[in-house]
Amino acid sequence: MSSIRNRVQKMTHYALFIALILLLGISPIGFLVLPFGSLAFVQIPVTIGGFAFGWRGGAVFGIAYGLVNIFRSLMTPDAVAATILSISRYNILIIFFLLF
């Protein structure tokens with residue numbers, strides 16, 4: 001019985017950290033936008049979650065952080081993302097799907 005409780009508790013903690021990453025990634029609280037790029041405060045829960053849950057938790061939170069960054073750079077590109085996306089959005093999508 002305690003094994004099921006531990007798994008549910010761990011899954012709940014994962015869900016809370018991922019929700020925090022999504023909230024910080026989508027809202028303006030998580031990024032300080034500068035003219036040449038942006039500083040990400042979203043890395044704080046990713047780092048804390050990685051230390052708290054080990055390499056598997058860090059990998060899960062890192063993937064969530066990466067997907068939020070990809071979504072954010074496609075929706076509101078800064079100078080670096082605009083330079084990369086100016087090459088061709090289709091080539092970027094092809095590279096993305098080849099990597100994953």
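Of the 100 residues in this chain, 23% are buried (under 20% relative accessible area with a 1.4 Å probe and protein chains only, where over 50% is exposed and anything in between is partly exposed). Please keep in mind that this is a predicted model, in which local features need pLDDT of at least 70, side-chain atom pairs count only at pLDDT 80 or more, and totals for chains, interfaces and linings use all residues. Residues are numbered from 1 along each chain as its sequence is written, and side-chain values use heavy atoms, leaving out hydrogens and water.

**Overall layout**
- The chain holds 4 helices and 2 strands, taken as DSSP runs numbered from the N terminus (helices are H or I with at least four residues, strands are E with at least two).
- Along the sequence, these elements follow the pattern α-β-β-α-α-α.
- Among contacts with a separation of 6 or more, 50% join residues 24 or more positions apart; a contact here means heavy atoms within 4.5 Å.

- Helix H1 covers residues 2-26, 25 residues in total, and its first and last C-alpha atoms are 36 Å apart, close to the 36 Å expected at 1.5 Å a residue (the expected span is 1.5 Å times one less than the number of residues).
- The buried residues of H1 are Tyr14, Ile21, Leu24 and Gly25, and their cover includes strand E1 (31-34) and helix H2 (43-75).
- Ser27 sits in the loop between H1 and E1, and Ser27 counts as buried because its relative accessible area is 16%.
- A polar atom of the Ser27 side chain lies 2.7 Å from the backbone oxygen of Leu23.

**The largest nonpolar core**
- This core has 11 residues: Tyr14, Ile21, Leu24, Phe31, Val42, Val46, Phe53, Phe61, Ala64, Tyr65 and Val68 (a nonpolar core is a set of buried Ala, Val, Leu, Ile, Met, Phe, Trp, Tyr and Cys residues joined through side-chain atoms within 4.5 Å).
- H1 and H2 are the elements that give two or more residues to this core, and H2 gives the most, with 6 residues.
- Phe61, one of the core residues, is buried, with a relative accessible area of 0%.
- Beyond its neighbours within four places in sequence, Phe61 is in contact with Tyr14, Phe17, Ile18, Ile21, Val46, Gly49, Gly50 and Phe53.

**Aromatic pairs**
- There are 5 aromatic pairs in the structure (rings of Phe, Tyr and Trp, the last by its six-membered ring, pair if their centres lie within 6.5 Å; planes under 30 degrees apart are stacked, over 60 edge-to-face and the rest tilted).
- Phe17 and Phe53 form an edge-to-face pair, because their ring centres are 5.7 Å apart and their planes are at 85°.
- That pair links distant parts of the chain, with Phe17 in helix H1 and Phe53 in helix H2, 36 residues apart.
- Phe53 and Phe61 are also edge-to-face, with ring centres 6.0 Å apart and planes at 65°.
- Ring pairs join Tyr14, Phe17, Phe53 and Phe61 into a cluster.

Key. A polar contact is a pair of N or O atoms within 3.5 Å; within protein, one must be able to donate a hydrogen and the other to accept it, and residues adjacent in sequence count only if both atoms are side-chain atoms.
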